[in-house]
Amino acid sequence: MKYSDRILNTPSSFIRDILKVLDAPDIISFAGGLPNPVSFPIDALKNAIDEAIRKNGSKLFQYATTEGYLPLRELIAEKYRKKFGLDVKPEDILITNGSQQALELIGKVLLNKGDKVLMEEPGYLGAIQAFSLCEPDFLSVTLEEDGLSLEKLEEVLKNNPVKLIYTVPNFQNPTGLTYSMEKRKAIRELVSKYDIALIEDDPYGELRFRGESLPYIGAGYLENSILLGSFSKTVTPGMRLGFLITRNAQLMRYLVTAKQGSDLHTNIFTQYAIHEYLMSNPYEEHVRKIVELYRTQADSMLDAMNRYFPETVSYTRPEGGMFIWATLPEGQSALELFPKAMEQKVAFVPGDPFYVSKRNVNTLRLNYTNATPEIITEGIRRLGSIL
């Protein structure tokens, strides 16, 4: 059988692949990006599902509109108006199967083969995978401690017809870094000079355990701003409920058309259930509990790294989110280190899949949200012993 060029050139998810071999109970895994299951509001969700069925009956089991359940979109719009001062209306919101589908839809609508896509370096591998199906040319701009390199960004935009820019401004995946206020303003000003779509993927924004929340780069400012959000990190990842926000009405019409061709609409049962949950429970209080949990876990990992890692290894100190990014001495390969770590029954993600062109890099990603402080400490001790 002959396969399409687009699928042959699209990388498989390294993380999804290695998770298959990490099921052994004696392996300490920092490889996934999994929310802690103790944070799932199971009883509240059960009650919400029962109540949603009682109130709405057969509507939960029928076909629905492509854009998504209107009361849920109204709740999301109200949240962004109150919390961020954004002029968001329900018609500016498209409910998607997680943020991942939003990326796929954006690619379908905006990208032709050979179009230029600008990624952070390192960047989120799920976005690299989603856009790869459209066969674009990837361009990379180095991610510094406070955001994209302005010098490099200006150079790339000046010399290339970039179609879209993908960013994760809050607690970036994989690095855990957050763009500063100064960088956000400077990037906004620079991008405003070009006809470019700016994607701000923000699944981790509510998971801040240090510092103050910052305004978005493009949302509320740029005509071609696309903001992505999700309930996967705060309520439940398994329901695959995300959303896309854009004030560009023409772009939204094309996105809706693309979604109709993809799946008609997102699971309506889960939309009703999440809406009922949000209406009936103190969501902000629930998120605060998650934030405190992740603060404890992040601090445990950072303390252990300080104790067990050699001084030649540097690492980020995130203010929220789910990840820490470590950098080995120049010339060392994290990919070659992986099997040695597995011998010690500890797993991480080598940095390679987060780059569009580099291989055998000296960086690696660690996730701290899915293990107890005791297990985190032991896992970092094992990793430190081979570093």
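**Notebook: strands and helices**

I started at Val-117, which stands opposite Phe-138 in S4. I am working on a predicted model, where local features need pLDDT of at least 70, side-chain atom pairs count only at pLDDT 80 or more, and totals for chains, interfaces and linings use all residues. Residues are numbered from 1 along each chain as its sequence is written, and side-chain values use heavy atoms, with hydrogens and water left out.

**Entry 1**

I noted how elements are named: helices (H or I, at least four residues) and strands (E, at least two) are DSSP runs, numbered from the N terminus. Two strands pair if DSSP finds at least two bridges between them. I found that strand S3 (residues 116-121) runs parallel to its partner, strand S4 (residues 137-144), with six bridges. I followed the chain from S3 through helix H6 (residues 125-132) to S4, and this β-α-β crossover is right-handed. That word means that, with the strands pointing away from the viewer, the path from the first strand over the helix to the second runs clockwise.

Next I looked at S4 with strand S5 (residues 147-148). They pair in the antiparallel sense, over two bridges. A hairpin of two residues links S4 to S5. I checked Leu-143 too: its bridge partner in S5 is Leu-148.

**Entry 2: the open sheet**

I traced four strands in an open sheet, in the order S10-S11-S14-S13, with antiparallel pairing. Strand S10 (314-315) and strand S13 (349-350) are at the edges with a single partner strand each, so one side of each has no neighbour in the sheet. S13 meets strand S14 (residues 363-367) in antiparallel pairing over two bridges. There, Pro-350 has Leu-364 of S14 as its bridge partner.

**Entry 3: H5 and H9**

I then turned to two helices. The axes of helix H5 (residues 98-110) and helix H9 (residues 249-263) come within 9 Å and cross at roughly 110°. Axes are lines fitted to C-alpha atoms, for helices over the stretch in contact, and angles run from 0 to 180 degrees between N-to-C directions. H5 and H9 are therefore roughly perpendicular to each other (65 to 115 degrees counts as such).

Which residues make the contact (heavy atoms within 4.5 Å)? I listed Glu-104, Leu-105 and Val-109 among those of H5, and Tyr-254, Leu-255 and Ala-258 among those of H9. The contact residues of H5 with H9 divide into eight nonpolar, two polar and four charged. Ala, Val, Leu, Ile, Met, Phe, Trp, Tyr, Cys and Pro count as nonpolar, Asp, Glu, Lys and Arg as charged, and the others, Gly among them, as polar.

How values were computed:
Angles under 35 degrees count as roughly parallel, over 145 as roughly antiparallel, 65 to 115 as roughly perpendicular and the rest as oblique. Contact means heavy atoms within 4.5 Å.
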